[in-house]
Every structure is written in structure tokens, then in C-alpha cells.
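Open the model in your viewer and get ready to select residues. This tour goes stop by stop.

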Amino acid sequence: MSTAAAPVRSGAVLADLLPVARHRYAVDAALVLGGAALTGIAAQIAVPVPGSPVPVTGQTFAALLIGTALGARRGFLSLALYALVGMAGMPWFAEASSGWSMPSLGYVFGMLLAATVVGALARRGGDRSVLRTAGTMVLGSAIIYAIGVPYLALSTGMSLSAAVAAGLVPFLIGDALKAALAMGALPAAWKILGRRG
């Protein structure tokens, strides 16, 4: 059984570089489970925001990295598993919460879509240079907010402007820092692997 990595084809994501011979489905399942678990762990890195029911967490960063590293299909499955298990009662949403009734659940749905989109962009080289990675992360973050903020407004009875003030504005600086980290980490990973696309 060979463990050598297959040559990287155009359209590969970082997970495709794993040395896999005959157990592709087992590896994919492990990646999906690992992505869901990583998102749950990152969600516990939470800092409350005064006046907002939504804390600053590491979960959005994890979701975007998972989508980018695993690709659209595995990224979607990871975040779908994370969302479904959390809604079923596993306390791995932000601040060890779970269930359907959280005002921040829209952000989880947004992460599911964002992981899928950034995964598709990564297959097109969206994570191979600093500028492309910046665009990919900005788009992913915008998708999360496009779903999370209206859901926050509907679930709490806030006006849309109040939801933007409580569920978007306080997070912009943190998102810029997360994007900067991704802009360095993802292209560097490709460069180290000598697999620029």
C-alpha cells in the first residue's frame, strides 16, 4: 500500500494533499468529524460583547479555515454536522450553548454556507496568495453576517439597524485580524508544500 501523496491537480485543496491510498472515504469521514469538533472547540474561545447577545468567538475563523482547507463538500458536511449536533443538544456552540432557540443560531447557518463557498473558491486558488485569501475570507465573513444579522433581528425583535450595531459592528476588528492570520497561514501552507496553483 502506497502512502505517497498524489500529485496536486489544479483545483486541489489542502486536504487533498493527504497521503491516501485506498481509504478515501474513511479519511473524508475523519476530516468531516475533525472539522466539526474543531469548530466546537473554537466556539468555546468566547468573549462576551457588552450589549450584544452574540460573543466574539473563534468559531467563525475555524469554519472559514475548515471550508478552505477541506473544500466545499467536506466543509459543508463538517459545518452541517456541527450545526445538527449542536441543535440536538451537544453544548458546543458558543459559550457551551446548544439548541434551536439561540439568537446567534443564524451565524451558525451562515458559517455552513460560508464554509461551502470558501471551499469552492479554494478549489479555484482562492487560498494560494495573500490577496486571493483576503478576498475569500472577506466574502466568507460577509455571508456569515448576511444570514446571522437578520436572524438576530428576527429572533430578538431588534430592528435591523440595532441588529447591525449589536451583531456586526463590534466584530469587524476581530474579523480583520482573523483574515490577516488566514492571509499569512494559508498561502504559507501552499508555499511550504511547494504546490502553488
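## Stop 1: the cavity

The largest cavity has a volume of about 50 Å³. This is a predicted model: local features need pLDDT of at least 70, side-chain atom pairs count only at pLDDT 80 or more, and totals for chains, interfaces and linings use all residues. Residues are numbered from 1 along each chain as its sequence is written, and side-chain values use heavy atoms, with hydrogens and water left out.

What is a cavity here? On a 1 Å grid over the protein atoms alone, a cavity is a set of points where a 1.4 Å probe fits but cannot get out. A residue lines it if it has an atom within 4 Å of a point. Grid points are joined across faces, edges and corners, and a volume is the space filled by probe spheres set on the points. The count comes to one cavity of 30 Å³ or more.

Select T60, F61, L64, M137, S141, D175, K178 and A179: they line the largest cavity. The elements that give two or more residues to this lining are α2, α5 and α7. Helices (H or I, at least four residues) and strands (E, at least two) are DSSP runs, numbered from the N terminus. The lining divides into four nonpolar, two polar and two charged residues. Ala, Val, Leu, Ile, Met, Phe, Trp, Tyr, Cys and Pro count as nonpolar, Asp, Glu, Lys and Arg as charged, and the others, Gly among them, as polar.

## Stop 2

Now for the largest pocket, with a volume of about 240 Å³. A pocket is an open set of points with protein on both sides within 12 Å along at least five of seven lines. Select V54, P55, T57, Q59 and T60: of the 23 lining residues, these are the closest to the centre of the largest pocket. Then color β2 (56-57), α2 (59-70), α4 (105-123), α5 (130-156) and α7 (172-192), the elements that give two or more residues to its lining. By class, the pocket lining has 14 nonpolar, seven polar and two charged residues.

## Stop 3: α2 and α7

Show α2 with α7. Their axes come within 10 Å and cross at roughly 30°. Axes are lines fitted to C-alpha atoms, for helices over the stretch in contact, and angles run from 0 to 180 degrees between N-to-C directions. The angle makes α2 roughly parallel to α7. (Under 35 degrees counts as roughly parallel, over 145 as roughly antiparallel, 65 to 115 as roughly perpendicular and the rest as oblique.)

Select T60, F61, L65 and T68 in α2; they meet D175, K178, L181, A182 and L186 in α7. Contact means heavy atoms within 4.5 Å. This contact has five nonpolar, two polar and two charged residues.

## Stop 4: α5 and α6

Move to α5 and helix α6 (residues 160-167), which pack at an angle of about 120°, with their axes 8 Å apart. That makes α5 oblique to α6. Select Y145, V149, P150, L152 and A153 of α5, then L160, A163, V164 and G167 of α6, to see the contact. By class, it has eight nonpolar, one polar and no charged residues.
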